[in-house]
Amino acid sequence: MNYLIGTDIGTSGTKSILMDTNGHLIAQDLEEYDVLTPRPLWAEQWPEVWLKGVKDSIREVVKKSGVSPDDIKGIGLSGLYGGSGIPVDKDMNPVRPDLIWMDRRASEETQWVKDNVDLKRLSEITGNDVVDPYYGYTKVLWIKNHEPENWNKTALFLPPNNYCIYKLTGEISIDYSAAGNIGGFYDINNGTWSKEMMDVMGVPMDKMPQKFVDATEIAGRLTADVAADLGLNPDTPVIAGGVDVGAANIGMGVFEPGRYVAAIGSSMNAALVSDKPIKGKGLIVWPYPYKSRDLVYNFSGSATAGAITKWFRDNFGEAELAVQKAGGPNAYVTLGEEAKEVPAGSRGLVVLPYFMGERAPVWNSDAKGTIVGLSLVHTKADLFHAFQEAVCYALRHSIDSTGKDLGDYIVIAGGVTHSADWVQMFADVTGYAVRTPLDDAEANLGDVMLAGLATGTLTVDEVQKWQVLGDKVEPRAKQHEIYNQYYKVYRQLYNDLGDDMHELSVISGIGES
């Protein structure tokens with residue numbers, strides 16, 4: 001039997017899994033770490049924690065599995081959206097921490113781009129219509145403008161998974177999805193860096209890796225020293241799985257355009273895979289890990305999707321948490337059971353889930369979490385139900401932003417799928433049937449599949465036979481009709497309150513304004 005390893009570098013931890021080529025999970029391991037937040041709206045990480053997480057988790061799954069290194073045919077390695085990428089010097093040593101995806105410090109650089117770059121050309125070249133501190137190129141400009149000494153030391157900017165691949169194999173490259181997610185420097189039409197955009201922004205071409213790799217080709221092979229450390233054979237192939245949310249789509253069996261997948265954990269990453277960029281809708285657009293020159297990942301989501309229910313639990317679920325700590329059921333399960341009988345619309349409550357601003361498709365760092373409709377008749381159960389509905393409304397907004405018919409079902413993955421009632425709510429709100437993965441592997445599963453394809457150990461036909469999704473959960477007509485009315489209010493509330501949200505940011509000093 002042959003085996004493959006899938007490793008995903010996440011924001012709060014790196015997870016590896018080892019599977020056989022029939023799709024059976026043999027071993028898994030998670031190594032956790034923290035994000036550095038030296039100032040409000042700043043978020044960065046030293047790459048050493050990622051590299052340690054990669055090595056430790058791979059070493060552990062090899063050890064736990066008991067599988068012979070001779071039978072492990074490859075490693076797929078994906079990673080979080082690394083924002084600026086890791087600035088490394090000429091000796092490939094990190095110059096400073098990576099400004100990761102959630103970092104919002106580049107507001108001045110964002111405004112400079114808006115004032116000095118032809119935004120129509122930027123959209124035509126990159127596929128991205130919005131300029132925002134989310135994008136890696138604005139973070140690169142921040143380092144250039146605010147840390148000239150570090151800028152002068154920086155030879156390359158490497159995304160997290162590509163940096164770790166270098167450390168494992170000695171090969172320098174960048175996968176197409178990671179390059180595209182940097183944003184303003186990448187030409188999505190030609191699959192390379194845009195000299196025009198980089199010249200306009202004053203960034204030399206050689207600051208970016210020049211070798212591009214697809215996720216279905218081998219990026220490098222383990223060096224002898226690394227292989228010995230991990231318990232693997234030298235020359236074991238390593239594959240760049242790309243940005244992890246794209247790899248997660250692969251894990252859900254998406255190998256053709258037209259399928260919509262939403263991964264919902266603390267945040268929501270929702271995307272449609274298409275054969276052409278969806279422009280003019282405010283979506284984040286970058287190459288799909290599989291067939292990167294032919295398929296496009298059109299992404300939006302919610303910055304604090306699942307995080308708002310955690311906030312609710314931590315602040316209003318003291319009793320439920322006490323029961324959990326005493327050995328009782330999980331607090332989320334208890335809150336969900338309490339909210340189970342609440343009708344669609346939560347007795348007239350609507351929550352806007354913008355608890356940390358919002359990215360695509362809203363693109364407003366001043367957006368605020370809002371509860372509308374409260375009265376003395378409402379209970380904690382009503383409120384929790386309304387918070388769950390808010391995440392569903394956010395998903396529907398993301399779906400609407402594609403302007404496309406999504407077929408007979410959408411896929412939802414992540415922690416929300418542990419609640420059957422919540423899954424039903426997603427179907428009722430969106431009007432689409434919902435399928436969920438049978439296991440929680442997500443990006444790691446996609447990494448395994450891509451490693452199999454790149455090494456010839458698996459074919460697309462073979463991985464599509466793996467049973468990764470459960471049965472459809474169909475929307476209920478009556479509930480969908482009710483939610484159509486509430487969703488209209490949800491969308492209108494943001495339009496009505498946008499100026500007030502901005503004013504609150506100015507008065508409070510919380511936000512980018």
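Biologist: How many residues does the hairpin use to join S1 to S2?

Modeller: Three residues link S1 to S2 in that hairpin. Keep in mind that this is a predicted model.

Biologist: And in what sense do S1 and S2 pair?

Modeller: Antiparallel, over seven bridges, with S1 covering residues 3–9.

Biologist: What is the bridge partner of Met-19 in S3?

Modeller: That's Leu-25. S2 and S3 (residues 25–32) also run antiparallel, joined by seven bridges.

Biologist: Which residue takes a positive phi in the hairpin of S2 and S3?

Modeller: Gly-23, with phi near 90°. That hairpin has four residues between the strands.

Biologist: Why is S2 largely enclosed by the rest of the structure?

Modeller: Seven of its eight residues (the strand is 13–20) are buried, so the rest of the structure largely encloses S2.

Biologist: OK, zooming out. How much of the protein chain is buried?

Modeller: Buried residues are 60% of the 513. The chain exposes about 20100 Å², and 49% of that comes from carbon and sulfur atoms.

Biologist: How many helices and strands are there?

Modeller: The protein chain has 18 helices and 22 strands. Its radius of gyration is 22 Å, close to the 24 Å from the globule rule for 513 residues, so the chain is as compact as a globular protein of that length.

Biologist: What about charges, how many positive and negative side chains?

Modeller: There are 46 positive and 69 negative ones, and the centres of the two sets are 2 Å apart.

How values were computed: Residues numbered from 1 in each chain as written. Predicted model: local features only at pLDDT ≥ 70, side-chain atom pairs only at ≥ 80, totals over all residues. Heavy atoms only, no water. Helix = DSSP H or I, 4+ residues; strand = E, 2+ residues; numbered from the N terminus. Rg over C-alpha atoms; globule rule 2.2 N^0.38 Å. Buried < 20%, exposed > 50% of the residue type's maximum accessible area, 1.4 Å probe, protein only. Areas by Shrake-Rupley, 256 points an atom, 1.4 Å probe, with all protein chains shown as cover. Lys, Arg positive; Asp, Glu negative; His and termini not counted. Charge placed at Lys NZ, Arg CZ, Asp CG, Glu CD. Pairing = 2+ DSSP bridges.
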